[in-house]
Amino acid sequence: MNDIIRPSLKVQLGKIKFKNPVITCSGTFSHGEEHMVFYDIGKLGAVTTKSYSLLPMKGNPPPRICETASGVLNSIGLQNDGIDSFIYRHLPWMKGAGASIILSIFGRTTEEFKKIALRILDIKSEILAVELNLSCPNLEQGGKAFCAVPEEVKRVVDSVVSMLDIPVIVKLSPDFETIDRSAELARQSGAEAISIINTVVGMAVDIDTAKPLLGNVTGGLSGPAVKPIALARVYQLCQQDILPVIAMGGVFGYRDLLEFLIVGARAVGIGTANFVQYDIGERILNDLTAYLREKKIDDVNKIIGRLKVEKKQA
Amino acid sequence: MKLLNSEILSNQQYGPGIFKMELFSPYIVRNVMAGQFVNIRCAPNDGTDPLLRRPFSVFDIEERFNVFSVLYMVKGKGTGYMSSLRKGDTVDLAGPMGSGIDLNTGSKDILLIGGGMGIAPLNLIAKMALARGKNVFIMAGFRDSSLLRWERDLVRMEVKYRIFSEDGKWGEKGLVSEYIFEGDRFYKKHEIYVCGPVEMLKIIQEKLGRYQISATALLEEKMACGIGVCMGCVVKIRGKNGSFSYKRVCREGPAFELSEVVFE
C-alpha cells in the first residue's frame, strides 16, 4: 500500500493562484536569471521582479550595503532599467524559464503609476499579478512614502485597478501605523492582496570617521533581525481579515515560513536569504513538503491561520 | 559558478593578522579566471551572524593538486571565524564569481601594481600570465612588513618585482605610487593591472591619466549577494559626455578601466 502523502501546496489569494506558497521578494532575486544557475525557478510559487519605474533610475550613491547583527541595511535607491527593459528584455526570459511572474512597479506620482500601467496593458496575460511598491517617495506629498498616507494608497490602487484587469498586490512598509487603514482602502479599491513587510528603516555609523555607513545615511533593514517585527505585523493584519496576506521578513528556512503561515499568511516571500543561500527557494520548498509528509498533513492550507492564542488573565 | 563545500587543506598564518587558506576544489581550479573571486559563508552551519558571505580574490591555484587559496586579513566576526577553522574542516563557498580577465590576448608585457592586501588578485594574474609566456613585472607597496612572506612566493614564481614599504624595513622606502612615472615609455609598453587602497588608485589614475595610459583596476566594495541581484556593490563609472552609471563590482567587475572609475 502506498501511504506516502503527496501534500497539496496550492494556495489562493483572492483571484491569484500560486502552485505553492513559496515566492521571492522584489529586489532580492532580480528576474531569476542569476538564481537559475542554482535551481529551477519555475518551481517557485512566484518570482517577484525587481521594482520597475517608468524610466531608468541610477539609484543611490554607494556605499549601499551595510551588514548589521543578523541583518542587512541597504540603500540601493531602486536602481533599474525602466519598465520597457522588463517588457522587452526580461519578460521573454522569465517566460522561457517557466516562472510565474509578479511584476513589481513603483512611481513617484500617481500619474507615473498610471503610465506604467498603460505600458503593461499588452503583457497583462503573461503575468500573474502586479505588485505596487508603495514604500517609495511620493513627490506630490513632499517625498513622504505613499503608504504613510492611506488615502494616497487608495488613489494609486484606484487608478491602476481601473486600467488593468489583473490582480493587484499592495506592498506596504512597517514604518507607519497605517497598514490596517491602507489595507482596508486598498480592498475597497479592488486590490487582491497585501504584501508585508518592506524593509524597516535603519542606520549604522562608523565610530572612527563619525560618518553614516550608508551613502544615503539611512536605509532599509532586512534579514533575520526583522523577522519578529514582520511576524507581528502579519499577525495583526491577518486578525483584521481585510485581504489575504503575503508575508515576508527574514525568512531563512522552512520553519520561518511555517510561522508566517500559522499566523495567517497565505504565501511567504524569501528576500535577503536569496543573497546568502542561492538555492534557498528550492530548499524551503523541499523542506516544507517533507514537513507536511512527516506530520501527515495533506494540504498546506490546513496550516494557514492555525495560531492558538490563549489569553491568560493577569 | 556553483555552490560548493570545500575541504580546508591548510589555514595558516601568513603574517600578523593575515591568513592563507588552502581549499580543495577541482571545480574552482578548473574554472577560475584571473580577477575572479569566491564568496565564502563565514558563519557556522546555518548561523545568521555574520549573515552575508564574504568575497575573497583567488590568490593562487595549484592545478596538480586541485587546490586554490585565498589570502585574508582578520578584521571582524567573519574573518575571525575563518581564522578559527582547521585543516579538515569544510567551508561553504560559491564561485568562481565576477568577470574574469582574459590573459590569452593582449600585451606580452604585464605590469602589476599592488598596495597592501590588493596583491591577492594580482598574485593569480602573475601566475596565469607567466604560464602563458608573458613577462610580468610587479611593483607593490606596503605599510609595513606584514606580508613579507609574499616575497618568497614571488621568488618561487621567478617574477621580476620591486617592493616598497612606508617604514623602509622591507624593500625600498616610500609609496609605490610615488615611484610611478620615471618614464612613460615603459608604462605604455605594458598592460597594467592595479589593485590596492582607494588613495593609491586615485594617485595612479591621475598619473597615468596625464599620458593617456590605460590600466585595469580591480575594485573592492561591500557586497550583499555577489551574484548580481542586489545592486549593492556598485561603483561609479564615467560614461560619455559627462554622464555616469553605477556598475556592479561582482558582475561587471571587479576589473574596470581605471580612467573610467569615479572615486568619491
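Me: How many helices and strands are there in chain B?
Reply: This is a predicted model. Chain B holds both kinds of element. The count is seven helices and 17 strands.

Me: What radius of gyration does chain B have, and what does a compact globule of 264 residues predict?
Reply: A compact globule with 264 residues would come out near 18 Å. Chain B agrees with that figure. Its C-alpha atoms fill a box of roughly 50 × 45 × 35 Å along the principal axes. The radius of gyration of chain B is 18 Å.

Me: What share of the residues of chain B count as buried?
Reply: Buried means under 20% relative accessible area. The share is taken over the 264 residues of chain B. It is 54%.

Me: Which percentage of contacts in chain B, at a separation of 6 or more, comes from residues 24 or more positions apart?
Reply: Take the contacts in chain B with a separation of 6 or more. Then pick out those between residues 24 or more positions apart. They account for 65%.

Me: How far apart are the centres of the positive and negative side chains in chain B?
Reply: Chain B has 36 positive side chains and 30 negative ones.

Me: Why does the pair of F113(A) and F146(A) tie together parts that are apart in sequence?
Reply: Both residues are buried. F113(A) lies in helix α2 of chain A, residues 110-119. F146(A) lies in the loop between β8 and α3 of chain A, so the pair joins parts separated by 33 residues.

Me: Which strands of chain B does the pair of F19(B) and Y72(B) link?
Reply: These two rings are stacked, 5.6 Å centre to centre with 15° between the planes. They are 53 residues apart in the chain. F19(B) is in one strand and Y72(B) in another: β2 and β6.

Me: Are F19(B) and Y72(B) buried or exposed, and which residues form a cluster with them?
Reply: The relative accessible area of F19(B) is 14%, so F19(B) is buried. Y72(B) is at 1%, so Y72(B) is buried. Ring pairs link both into a cluster with F56(B).

How values were computed:
Residues are numbered from 1 along each chain as its sequence is written. Chains are lettered from A and ligands numbered from 1 in the order in which they are written. This is a predicted model: local features need pLDDT of at least 70, side-chain atom pairs count only at pLDDT 80 or more; totals for chains, interfaces and linings use all residues. Side-chain values use heavy atoms; hydrogens and water are left out. Helices (H or I, at least four residues) and strands (E, at least two) are DSSP runs, numbered from the N terminus. The radius of gyration is taken over C-alpha atoms; the globule rule is 2.2 Å times the number of residues to the power 0.38. Buried means under 20% relative accessible area, exposed over 50%, partly exposed in between (1.4 Å probe, protein chains only). Contact means heavy atoms within 4.5 Å. Lys and Arg count as positive and Asp and Glu as negative; His and the chain ends are not counted. The place of a charge is taken as NZ of Lys, CZ of Arg, CG of Asp or CD of Glu. Rings of Phe, Tyr and Trp (its six-membered ring) pair if their centres lie within 6.5 Å; planes under 30 degrees apart count as stacked, over 60 as edge-to-face and the rest as tilted.
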